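Subject: Structure for your review

Dear colleague,

Please find below the structure that I am handing over to you.

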Amino acid sequence: MQSSAAFASWISAMPKAELHVHLDGTLRPSRLLDRAAKHGFDIPYRSVEDVTDAYAFENLQSFLDLYYMGTSVIRDEEDFYLLMLDYLSACRDQHITHTEIMIEPQSYLPSGVSLATMMSGFKQAMAEAQAGWGQSVLLILSLLRHLPERDGLEVLEQAHRACPDGFVAIGLASSELGHPPADFTELYARARSLGYRATAHAGEEGPAGFVADSLDLLGVERIDHGVRSAEDPALLARLSREGIPLTVCPLSNVKLKVFDSMANHNLLQLLAAGVRVTVNSDDPTYFGGFLNENFIALHEHLRLTAEQAARINRHAFEASFLPAPARAEKLAELDRYLLAHARP
Ligand SMILES: [Zn+2]
């Protein structure tokens, strides 16, 4: 117990990077309620406790129902500003000094919200967090794979025209099954030709083959989730050899039943195989914890050591889409922390 408490305070204060978080998955229960009240929406919850209870969903569909209700109350520039500021404030509290956030315009565009409205709110919050506590942020244009590729292409062109410096990379999220990487080759070719970096969800519910196809057909530089890569030893060897980062989300994986318990999560197996594993929160307010809570759960249930946690966090800074000088600065800051704070 003593060692758990020491680990928790050591990891919590460590400067960390997060590479896999969906902004819509950071909506706080209190914010859901206050936005619904502001817009006069009738939702079936009256208190923070009601919403928190609902967040204890039991299956993917109840999660998605709640998630889309959350996005439906975010409508105007102030809403997007507060959604971003809430998450960046959590980054400050969690010592996440650099974060790469997945933004999903396709959740909002159909209800008439413009990309300009979203980005204006985001930029205001990002500027405040940068000025206030030096928060480093990059945005990933995350496209939804249950929608057709041409829809993603349209959003990409629109985003590129409206805010050419707004996004550093593109990503691909939502349900994998029935929506293989092969369906999105044109989207990724176009994004890369415009200078975007590339990542994609693969090997979460989809098979290991989707991980290989995302690398080969889409040209991604890192894989979001990728835990099912362990089912294919040759793929695992390739990920290790080529240094492909995986943005693993342990609490999310357990909540969505990719693994039946944290004790059965394969993160240590991936790490032992030499894969550049990182730890991330995915949809933190829905999955029971932000980044620190993910590390602490791994320590408690898998006996993740301080050395392994430090190595994982180093991978995250190394795998970030930051320009090299900024990345080096963040790594130096991490080294200073590790030198000054004895491992628990
Ligand atoms: Zn995700």
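Among contacts in the protein chain between residues at least 6 apart in sequence, those that join residues at least 24 apart make up 75%. Please note that this is a predicted model.

Overall architecture. The protein chain contains 16 helices and eight strands. Its radius of gyration is 19 Å, close to the 20 Å that the globule rule gives for 344 residues, so the chain is as compact as a globular protein of that length. The C-alpha trace spans about 50 × 45 × 40 Å along its principal axes. Of the 344 residues, 46% are buried.

The sheet. The eight strands form an open sheet, with parallel pairing, in the order β1-β2-β3-β4-β5-β6-β7-β8. At the edges stand β1 (16-22) and β8 (276-279); each has a single partner strand, so one side of each is left without a neighbour in the sheet. From one strand to the next, the twist averages 25 degrees. The partner of β1 is strand β2 (residues 96-103), and the two pair in the parallel sense over five bridges. In one of these pairings, His22 has Met102 of β2 as its bridge partner.

A helix pair. Helix α5 (residues 77-94) and helix α6 (residues 115-133) have axes that come within 7 Å and cross at roughly 30 degrees. The crossing of α5 past α6 is right-handed. On the α5 side, the residues in contact include Phe80, Tyr81, Met84, Leu85 and Leu88, while those on the α6 side include Met118, Phe122, Ala125, Met126 and Trp133. By class, this contact has 11 nonpolar, four polar and five charged residues.

Backbone angles. Most residues other than glycine have a negative phi. His225 has a phi near 80 degrees, a positive value in a residue other than glycine. His225 lies in strand β6 (residues 222-225). With 27 other C-beta atoms within 10 Å, His225 is buried, the cut-off for a buried residue being 20 or more. Arg303, likewise not a glycine, has a positive phi of about 60 degrees. Arg303 is located in the loop between α14 (291-302) and α15 (306-318). Arg303 has 11 other C-beta atoms within 10 Å and is therefore exposed, as the cut-off for an exposed residue is 12 or fewer.

Yours sincerely

Notes
Residues are numbered from 1 along each chain as its sequence is written. This is a predicted model: local features need pLDDT of at least 70, side-chain atom pairs count only at pLDDT 80 or more; totals for chains, interfaces and linings use all residues. Axes are lines fitted to C-alpha atoms, for helices over the stretch in contact, and angles run from 0 to 180 degrees between N-to-C directions. Helices (H or I, at least four residues) and strands (E, at least two) are DSSP runs, numbered from the N terminus. A crossing is left-handed if the near helix is turned anticlockwise from the far one by less than a right angle, and right-handed if clockwise. Two residues are in contact if their C-beta atoms, placed from the backbone, lie within 7 Å. Ala, Val, Leu, Ile, Met, Phe, Trp, Tyr, Cys and Pro count as nonpolar, Asp, Glu, Lys and Arg as charged, and the others, Gly among them, as polar. The radius of gyration is taken over C-alpha atoms; the globule rule is 2.2 Å times the number of residues to the power 0.38. Two strands pair if DSSP finds at least two bridges between them.
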